[in-house]
Amino acid sequence: MLAEYLPVLVFLSVGFAMAILMLLLGSLLSPRRPGEAKDSPFECGFEAFGDARMKFDVRYYLVAILFIIFDLEIAFLFPWAVVLDKIGLFGLIAMGIFLGILIIGFIYEWKKGALEWE
């Protein structure tokens, strides 16, 4: 039974060895020319300003969570579409209920103004 895992172990060993070898070769062979411009913080083409630990508005996180929810909805639609011919009308109705609940939630968030920026 352990012989079945031997290819996986060999693959992982070769992968880790290659990663370590590349890191070592990169640190030994790459030129290191430090300078003030290279070591300075860089932010979108201009000098850094303000504190990096500034507070974000909670609406940013709300929109991010809503994106994740609706992105996962699409992830559930792909396997459903693949087996739709096998699950028939029951699967169609179940997905209709699922999408209906998500649309109701989306309309609720829209009416509450969660997607509006000031």
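Trainee: What share of the 118 residues in the protein is buried?

Mentor: Buried residues make up 6% of the 118. Bear in mind that this is a predicted model.

Trainee: What makes a residue count as buried?

Mentor: Its relative accessible area must be under 20%.

Trainee: What is the overall pattern along the sequence?

Mentor: The pattern reads α-α-α-α. The protein has 4 helices and 0 strands.

Trainee: How many aromatic pairs are there?

Mentor: The count is 3. To pair, two ring centres must lie within 6.5 Å.

Trainee: Why is the pair of Phe76 and Phe98 called edge-to-face?

Mentor: Take the distance, then the angle. The ring centres are 6.0 Å apart, and the limit is 6.5 Å, so the rings pair. The planes stand at 90 degrees.

Trainee: Why is Phe76 called exposed, and Phe98 partly exposed?

Mentor: Phe76 has a relative accessible area of 51%. Exposed means over 50%, so Phe76 qualifies. Phe98 comes to 31%. That value falls between 20% and 50%, so Phe98 counts as partly exposed.

Trainee: What makes the pair of Phe106 and Trp110 tilted?

Mentor: Its planes are 50 degrees apart. Stacked needs under 30 and edge-to-face over 60, so 50 degrees leaves tilted.

Trainee: How are Phe106 and Trp110 placed along α4?

Mentor: They are 4 residues apart in the helix, so about one helical turn separates them.

Trainee: Are those two residues buried, partly exposed or exposed?

Mentor: Phe106 is at 32%, between the two cut-offs, so it is partly exposed. Trp110 is at 53%, over 50%, so it is exposed.

Trainee: Which residues do ring pairs link into a cluster?

Mentor: Phe70, Phe106 and Trp110.

Trainee: How do α3 and α4 pack?

Mentor: Their axes lie 10 Å apart, at an angle of about 170 degrees.

Trainee: Why is that called roughly antiparallel?

Mentor: The cut-off is over 145 degrees. An angle of about 170 degrees passes it, so α3 is roughly antiparallel to α4.

Trainee: Which residues make the contact?

Mentor: From α3, they include Leu62, Leu66, Phe70, Glu73 and Phe76. From α4, they include Leu92, Met95, Phe98, Leu102 and Phe106. By class, the contact has 17 nonpolar, 1 polar and 3 charged residues.

Trainee: Where does UniProt place the feature "transmembrane region"?

Mentor: The unreviewed entry places it at residues 6-29, 60-81 and 87-108.

Trainee: What is the secondary structure of residues 6-29 and of residues 60-81?

Mentor: Residues 6-29 are 100% helix and 0% strand, with end C-alpha atoms 34 Å apart. Residues 60-81 are also 100% helix and 0% strand. Their end C-alpha atoms are 32 Å apart.

Note on methods
Residues numbered from 1 in each chain as written. Predicted model: local features only at pLDDT ≥ 70, side-chain atom pairs only at ≥ 80, totals over all residues. Heavy atoms only, no water. Buried < 20%, exposed > 50% of the residue type's maximum accessible area, 1.4 Å probe, protein only. Helix = DSSP H or I, 4+ residues; strand = E, 2+ residues; numbered from the N terminus. Axes fitted to C-alpha atoms, helices over the stretch in contact; angles between N-to-C directions. Parallel < 35°, antiparallel > 145°, perpendicular 65-115°, else oblique. Contact = heavy atoms within 4.5 Å. Nonpolar A, V, L, I, M, F, W, Y, C, P; charged D, E, K, R; others polar. UniProt positions renumbered as here; feature names shortened; annotations may be inferred.
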